[in-house]
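Thanks for coming, everyone. I'd like to walk you through one model today, residue by residue in places, so please have it up on your screens.

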Amino acid sequence: MKFFLASCAFWGAAAAAVFAVRPGSRLNRPAVGTAGWPLRSAALVLMLLLILLCVLPMGLSPVWNGEIPEHRGQYEGMAESILNGRLYLDCGPVDPKLLEMSDPYDLDLRRELGVQYPWDHAFYKGRYYMYFGVVPVFLTFLPYRILTGLPLAAYHATQIFTALFIAGGFALFYLLAKKFFPALPWSSWAALSAAFCGMSVWYAVDAPAMYCTAITSALCLEIWSLFFFIKAVWDSAGSRQAVLFGMLGSFLGALAFGCRPTIALANLLAAPLLMAYIKGKKFDRALLGQVLLVALPYLVVGGLLMLYNYARFESPFEFGVKYQLSVSNQSECRLTFTRRQLAEIGRGIWDNLFAPPEYSGSFPYVSFGSALANFPICAAGILLLLRKKALAFLHKNGLAPFTAVLLCLPFLIVAFQTVMMSFQQERYRMDIYWLLGLLAFLSFGILYQTAEKGKRVLAFLLPAAAYATVFRSFLFWLIPYDRNFTEYYPEYLERFAKVLSFGLLY
């Protein structure tokens, strides 16, 4: 009976949400640009609810919350090392067999020799290092350690970065809607913002420490970097404010390289935004000075990161990935442009972006597929972006170069992943989900802004599609995978199944 009542509550709330945005609903009438304080307050509540729904479950699995510690304390260890004036990790004595190996990065040989070593650390010249970017250590782990005297658990840092990413996503989508899609209903903006932000971080909810700490920190920095860059170009009151916003954007974007370089490739979006800013302006000494000031944080932060890399690995461009002691020999991964590698890149793009969906024979029935198969709303958005009206809108509003780079970025990131990583995991798609969501938001905004008929129906379909995306993210979170909550506590998966099926399953 309790599962039936819970089902009624769950599906009743879902039905109420759909009914609230029905064609002709009052929620669909206020546009983003005209929404008053009650709706703005409601948007803030929605954002906070989404943050809570994403960050609270991160502490459920004992594998990821620190109750069962394994190899997920590198960030905490790096903070301790820095406090003690070291750039390497103190992992105890190095196994002499590891020191004697001709190729210590060969997993099969390590197993054959019975080598003892800390998993997934970088190993170089007899010392262990952290190959994950060091920036999260300075942003969260080190300040927390200094202020409290206690180490910060990695999943708590992921919670912080996830919350800030969601706030940045809402802010970015609001800025874009207010500037380019002022007719977009408030309900559509709010629903799409929640859907695309939740879609981008769902895997971090599943397995928050330590890999997703690196990913969410880069996502957080990049979303806010893009927000400030767009503020500088299209929403600043004069050149001084534009330079300030631009410097903030470049500072945050540069820091992302010290978190996860693949996500930091999104800094390429700064190029078309710079083009949009200088278009129509006289290129004189003053404008050159503005450009140099905006570029300065890239030079400073980039120089410090290269110095950090050189001090550890004697190479300014080596973060330690090729020295990692993991499942594959990363020291062999390099760009060769051979026919075989190009074929692998093509296969990687297909598998990560276009491969058809897969389904499981057991609850929750979904299985991981390509990014566009996992979230069809993004595929629909990209297809709608190719309409003549959409292309004309992009050119008219100066968004065409920005959108072209945005469209190319997922392909570039996947190609980079394919070359540098010998296998793919679902968490790697977090590098591109947020970009696909941004593309889809632009597409749907243009669709509504340029529609001559059927706006009432569109005002219903857009939130409905967003609801479906949120629900699909929820189903992915339920998949027993990567030692997450439902894998560790399978009885709760049965309870979720009963709730969603009115108690008819199991």
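Let's start at Val 134, which is buried, with a relative accessible area of 6%. Buried here means under 20% relative accessible area, exposed means over 50%, and partly exposed is in between, with a 1.4 Å probe and protein chains only. You'll find Val 134 in the loop between strand E2 (127–129) and H6. Helices and strands are DSSP runs numbered from the N terminus, with at least four residues of H or I for a helix and at least two of E for a strand.

A word on where this comes from: it is a predicted model, so local features need pLDDT of at least 70 and side-chain atom pairs count only at pLDDT 80 or more, while totals for chains, interfaces and linings use all residues. Residues are numbered from 1 along each chain as its sequence is written, and side-chain values use heavy atoms, with hydrogens and water left out.

Back to Val 134. What does it touch, not counting residues up to four places away in sequence? The partners are Met 78, Ile 82, Gly 258 and Tyr 308, where contact means heavy atoms within 4.5 Å. Also have a look at Arg 260: in sequence it is 126 residues from Val 134, yet the C-alpha atoms of the two are 9.7 Å apart in space.

Now step along into helix H6, residues 135–148, where Thr 140 sits. Is Thr 140 buried or exposed? Its relative accessibility is 9%, so it counts as buried. Its side chain reaches the backbone oxygen of Pro 136 at 2.8 Å. Leaving out residues up to four places away in sequence, Thr 140 touches Leu 152, Ala 157, Ile 160 and Phe 161.

His 121 counts as buried because its relative accessibility is 6%. Which backbone oxygen does the side chain of His 121 reach? That of Trp 119, at 2.9 Å. There is also a polar contact of 3.4 Å between the side chains of His 121 and Gln 74. For the record, a polar contact is a pair of N or O atoms within 3.5 Å; within protein, one must be able to donate a hydrogen and the other to accept it, and residues adjacent in sequence count only if both atoms are side-chain atoms. Setting aside neighbours within four places in sequence, the contacts of His 121 include Tyr 128, Tyr 129, Tyr 131 and Tyr 323, and among the others are Leu 89 and Cys 91.

On to some backbone geometry. Where are the cis peptide bonds I'd like to show you? One runs from Ala 209 to Met 210, with omega near -20 degrees, and Met 210 is in the loop between helix H8 (186–206) and helix H9 (211–234). Another runs from Phe 363 to Pro 364, with omega near 10 degrees, and Pro 364 lies in the loop between strand E3 (358–359) and strand E4 (366–367).

Then there are the positive phi angles. Asp 482 is not a glycine, but its phi is positive, about 55 degrees, and it lies in the loop between H20 and H21. Arg 483 is not a glycine either and also has a positive phi of about 55 degrees; its place is in the loop between H20 and H21. Asp 482 is buried, with a relative accessible area of 16%, whereas Arg 483 counts as partly exposed at 34% relative accessibility.

That brings us to helix H22, residues 490–500, whose buried residues are Leu 493, Ala 497, Lys 498, Val 499 and Leu 500. What do they pack against? Helix H1 (2–20), helix H20 (455–478) and helix H21 (485–488). After H22 comes Phe 502, with a positive phi near 60 degrees.

Let me finish by zooming out. The protein has 22 helices and 4 strands, and 52% of its 506 residues count as buried. Among contacts between residues at least 6 apart in sequence, 76% join residues at least 24 apart. The C-alpha atoms fill a box of roughly 75 × 75 × 55 Å, taken along the principal axes. Thanks, and I'm happy to take questions!
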